[in-house]
Amino acid sequence: MTPDVDLTVPATGRHALRERLLALDSRLFEVAARRHWPAAERVLPRLSRSANHGVLWFATAAALAATRTPRARRAAVRGVASLTLASLTINTLGKRSVRRARPALDAVPLVRQLKRQPITTSFPSGHAASAAAFATGVALESPAWGAAVAPLALSVAASRVYTGVHFPSDVLAGAALGAGAAFAVRRLVPTRAGARPPARPRAHAPALRDGEGLIVVANQASGTAERVRALRVALPAAEIGECAPDHIGEELRKAAARARVLGVCGGDGTVNAAAALALRHDLPLAVLPGGTLNHFAYDLGVEDERDFAWAVRHGEAVRVDVGRFTAGDTRGVFLNTLSLGVYPELVRERERWSGRIGGWPAGLLGAFRVLRADRHPMRVEAGGEQRPLWLLFVGNGVYHRMGLTPGRRTDLADGLLDVRVVHGSRRPALRLLAAAAAGPLTRSPAHAAVQVTRLRLTGVEPGTPLAYDGEVEPVSGEVTVEKLPEALTVYRPLH
C-alpha cells in the first residue's frame, strides 16, 4: 500500500520551475495579444507570411548580390548558408524534440491572425531561427549590411508572437539557434575579415591626402568605369586613366616613369604587369580590384575604392613576397600562382570562349574540353628523376584549403612557394578530382605537396604552356622558380 497523494501540495523542484516559466511565457503572450499596435496590424502579418519558406530572405539576398560589391555578395551567400543550416536543424531536431502545442488564439484579434495557421509544433520558431541566422550571417561578413537587415529580422521574429502563432520563448529559442547556426558556418568557412593577412611587415609609403602623385591605369575590359568614377571623387588630385587591354602595358610604362605611386585597376593579369614595373622602378603599388577573380587584391584585404583610398590617404602599406620564374630567355614575376600542365590549357580555352559566352561559362567549358581530350601527361625532370605530371602548381605563399580547391592565403610574406603536383597516368579527370578531394597538404598516389623557397625543373618539352596570374607563355628546357621575399611595397588598409 502507498499513501494517498495530496494534490493540494504545490510541486517542488525542477518541474515547479518549468511550470512557473511556462506560466510566465503564457502571461507575456497574453499581454502582447491584448496590446493594440495600430501601425503594425497591416504590416506584421504580411511580413510574417512573406518569410514563409525563406522567400523574404532569398529576395533580400538577391538584392544584396545585385549591388555588385564583393562584400555584399559574400554577405548574401553567408546569410543564405546560415539560414539553410538553421532550417535543417529546426526541422530535423528542434520540432521533433519538443512537442509543444501552439498558443490559443482567443486573445488575438482576428485582423492579426494568419489566414493559414501552421500545423507544426510551436517550439522553437522556425521563422525566428531563419531571420536570426540570415541577419547574423550577413553581419559577420559585413557589419554595415547586417545593421541594415537587423530591423527586418527583428520585425519577422516579433510578428510570430504578434500574429499568435508562437509563444515568446519559442521566438527566443529560435533566434538563439539561428544565431548559433551562423557562427557554426563561420567556423567552417571563415569570413574574409577573420582570415585577413597579418599587417606585417609594415612598409614606409607616402601618404597622399588627395591623391597627388598617384597615377592609376584602369583596364576598360574589366568593367571598371563605376569604380574609376568613385575613385576620382575619393582622390581628386590623382591622375586616373582608362585604356583598352592592348594598351595596358604601354600606359603602365608611361605611368611608372613619372609616378610617385603606381596604381592599377583591373584583373590579376593587369595587376601582374603593374607589379613588374613597380619592382623595376622601385615604386609602391596601389591595387584596386576590377577583374573577375582579383585574388591578389582580396588576399591583400583591398576590396573596393574605399579601402584603396583610405590606404593611399593614410600611407598604410606592407611588403609582400613576389614569385619569379626564368625559362631560357623568358622571364616573369607572379603574385598569385604559376602552373604547368593542364591548367594553362584551361586558361587558353577560357580566353578563347570568354568573349562569346562570359568568364565563368567559358571556364566550365574550358575544363570540360581539356579533361575530355586525349592528352598525354607532360614529362619533367625534378631532382634528377624523370616524372610524368598532369599538373604542377606553384603558389606565391601557402594557400589554405577552403572547400575542394586551394583557397586563400593568410600571409603574403611567408617566404615560401606552395608546390603541388598531380602525378601523371591515365584518366586525368579522375586524378585531378582525387587530388582536389585529398587536400593541399596530404600525400597520395595521385597528389603531393611541399613548401620550398626555390624550384628547378629540367627536360621541359618545347612549347609547354606555362600560366602565371592568368597569362600564358610557351616554355622549354629548364624552368627555375624562386621567391623574392618582401620585394614589393603595396598599399593596404591596416586599421
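At roughly what angle do the axes of helix α8 and helix α12 cross? The legends below start with that pair, and every view comes from a predicted model.

**View 1. Helix α8 alongside helix α12.** Helix α8 covers residues 225–234 and helix α12 covers residues 305–314. Their axes come within 10 Å and cross at roughly 30°. Since angles under 35 degrees count as roughly parallel, α8 is therefore roughly parallel to α12. The crossing of this pair is right-handed. On the α8 side, look for Arg227, Ala230, Leu231 and Ala234; they meet Glu305, Phe308, Ala309 and Arg313 in α12. Sorted by class, the contact of α8 with α12 has five nonpolar and three charged residues, with no polar ones.

**View 2. Helix α3 against helix α6.** Here we have residues 55–65 (α3) and residues 143–162 (α6), packed at an angle of about 165° with their axes 12 Å apart. Angles over 145 degrees count as roughly antiparallel, so that is the label for α3 and α6. α3 passes α6 in a right-handed crossing. From α3 come Leu56, Trp57, Thr60 and Leu64, and they meet Trp145, Val149, Leu152, Ala153 and Val156 in α6. The tally for the contact of α3 with α6 is eight nonpolar residues, one polar and no charged.

**View 3. Helix α3 again, now with helix α5.** The angle between α3 and α5 is about 15°, and their axes are 11 Å apart. These two helices are therefore roughly parallel to each other. Their crossing is right-handed. Trp57, Thr60, Ala61 and Leu64 of α3 make the contact with Ser130, Ala131, Phe134 and Val138 of α5. In the contact of α3 with α5, six residues are nonpolar, two are polar and none is charged.

**View 4. Inside the second largest pocket.** How much space lies in the second largest pocket? About 610 Å³. It is lined by 25 residues, and the closest to its centre are Asn52, His53, Pro118, His127 and Arg160. Two helices, α4 (70–97) and α5 (126–141), each supply at least two residues of the lining. Which helix gives the largest share of the lining of this pocket? That's α4, with six residues. By class, the pocket lining splits into 11 polar, eight nonpolar and six charged residues.

Note on methods:
Residues numbered from 1 in each chain as written. Predicted model: local features only at pLDDT ≥ 70, side-chain atom pairs only at ≥ 80, totals over all residues. Heavy atoms only, no water. 1 Å grid on protein atoms, 1.4 Å probe; cavity = no way out; pocket = protein on both sides within 12 Å on 5 of 7 lines; lining within 4 Å. Points joined across faces, edges and corners; volume = space filled by probe spheres on them. Helix = DSSP H or I, 4+ residues; strand = E, 2+ residues; numbered from the N terminus. Nonpolar A, V, L, I, M, F, W, Y, C, P; charged D, E, K, R; others polar. Axes fitted to C-alpha atoms, helices over the stretch in contact; angles between N-to-C directions. Parallel < 35°, antiparallel > 145°, perpendicular 65-115°, else oblique. Left-handed = near helix turned anticlockwise from the far one by under 90°. Contact = heavy atoms within 4.5 Å.
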